[in-house]
Amino acid sequence: MCVFCKIINGEIPSYKIYETDTVMAFLDISQNTKGHTLVIPKKHIESIFDLDEQTGRDLFEAVVKTTNILKNKLGFKDVNLLNNNGSLAGQVVNHYHIHIIPRYGNDECYFKESPHEANFEELAKLCEKLTK
Ligand code: AMP
């Protein structure tokens, strides 16, 4: 059984912030910033590729509610929502989860981005491929 299923079953402890019949939010053990929280479905779903739409709706509703609870209690200004799917994307725990990472400024939390200059011809071709 995966570590997050064990948390849901109460087999290992967690610091629960919010819960419904289908989803749960609890503090991330490694606190990128104060209040770093994970929101997960209660059923074992590995990644976005297996996520059904109803669970997706339940999850995002919980993300909104949990983010507002955290913001009201902790008073941060901004927040990152992060979701890794698959090992190439940095997923370590194979039970779908959305990270809520409060941002305080000078919080020594960094995400690397790899921007490339826009090529509008390529963007047009890609858009056509994705929509036709
Ligand atoms: P990811 O790299 O997106 O798969 O993130 C997995 C996250 O799960 C990491 O931020 C871990 O710190 C967190 N994590 C792993 N085990 C636990 C646990 N027992 N309780 C809370 N968070 C955990």
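These legends describe close-up views of a predicted model of one protein chain.

**View 1**
The C-alpha trace spans about 50 × 35 × 25 Å along its principal axes. The chain has 132 residues, and 33% of them count as buried. Among the contacts with a separation of 6 or more, 51% are between residues 24 or more positions apart. The accessible surface comes to about 9,200 Å², and carbon and sulfur atoms make up 53% of that area. There are 15 positive and 18 negative side chains, and the centres of these two sets lie 4 Å apart.

**View 2. Helix H2, residues 53-74.**
H2 has 22 residues. From its first C-alpha to its last, the helix reaches 31 Å, close to the 32 Å expected at 1.5 Å a residue. Just after H2 comes Gly75, which takes a positive phi of about 70 degrees.

**View 3. The buried residues of H2 and what covers them.**
Which residues of H2 are buried? They are Thr55, Gly56, Leu59, Ala62, Val63, Thr66, Thr67 and Leu70. Seen down the axis of H2, these buried residues fall within an arc of 140 degrees, so they line one face of the helix. An α-helix has 3.6 residues a turn, so residues three or four places apart point the same way. The cover over the buried residues of H2 includes strands E1 (16-19), E2 (23-27) and E3 (37-41). Strands E4 (78-82) and E5 (98-103) are also part of this cover. On the other side of H2, Glu53 and Asn72 are exposed.

**View 4. Ser14, in the loop between helix H1 (3-9) and E1.**
Ser14 has a relative accessible area of 27% and is partly exposed. This value lies between the 20% limit for buried residues and the 50% limit for exposed ones. Leaving out residues up to four places away in sequence, Ser14 touches Ile7, Met24 and Phe26. Ser14 and Phe4 are 10 residues apart in sequence, and their C-alpha atoms are 9.6 Å apart in space.

**View 5. His95, in the loop between E4 and E5.**
Is His95 buried or exposed? His95 counts as buried, because its relative accessibility is 0% and the term applies to values under 20%. Residues up to four places away in sequence are again left out of the list of contacts.

**View 6. Asn106 and Glu108, in the loop between E5 and helix H3 (120-131).**
Asn106 is not a glycine, although it has a positive phi of about 45 degrees. Its relative accessible area is 84%, so Asn106 is exposed. Glu108 is found in this loop as well. Phi of Glu108 is near 55 degrees, which is a positive value in a residue other than glycine. At 66% relative accessibility, Glu108 counts as exposed, because the term applies to values over 50%.

Conventions
Residues are numbered from 1 along each chain as its sequence is written. This is a predicted model: local features need pLDDT of at least 70, side-chain atom pairs count only at pLDDT 80 or more; totals for chains, interfaces and linings use all residues. Side-chain values use heavy atoms; hydrogens and water are left out. Helices (H or I, at least four residues) and strands (E, at least two) are DSSP runs, numbered from the N terminus. The expected span of a helix is 1.5 Å times one less than its number of residues. Buried means under 20% relative accessible area, exposed over 50%, partly exposed in between (1.4 Å probe, protein chains only). The arc is that of the directions from the helix axis to the C-beta atoms. Contact means heavy atoms within 4.5 Å. Accessible areas come from the Shrake-Rupley method with a 1.4 Å probe; for residues, only the protein chains shown count as cover. Lys and Arg count as positive and Asp and Glu as negative; His and the chain ends are not counted. The place of a charge is taken as NZ of Lys, CZ of Arg, CG of Asp or CD of Glu.
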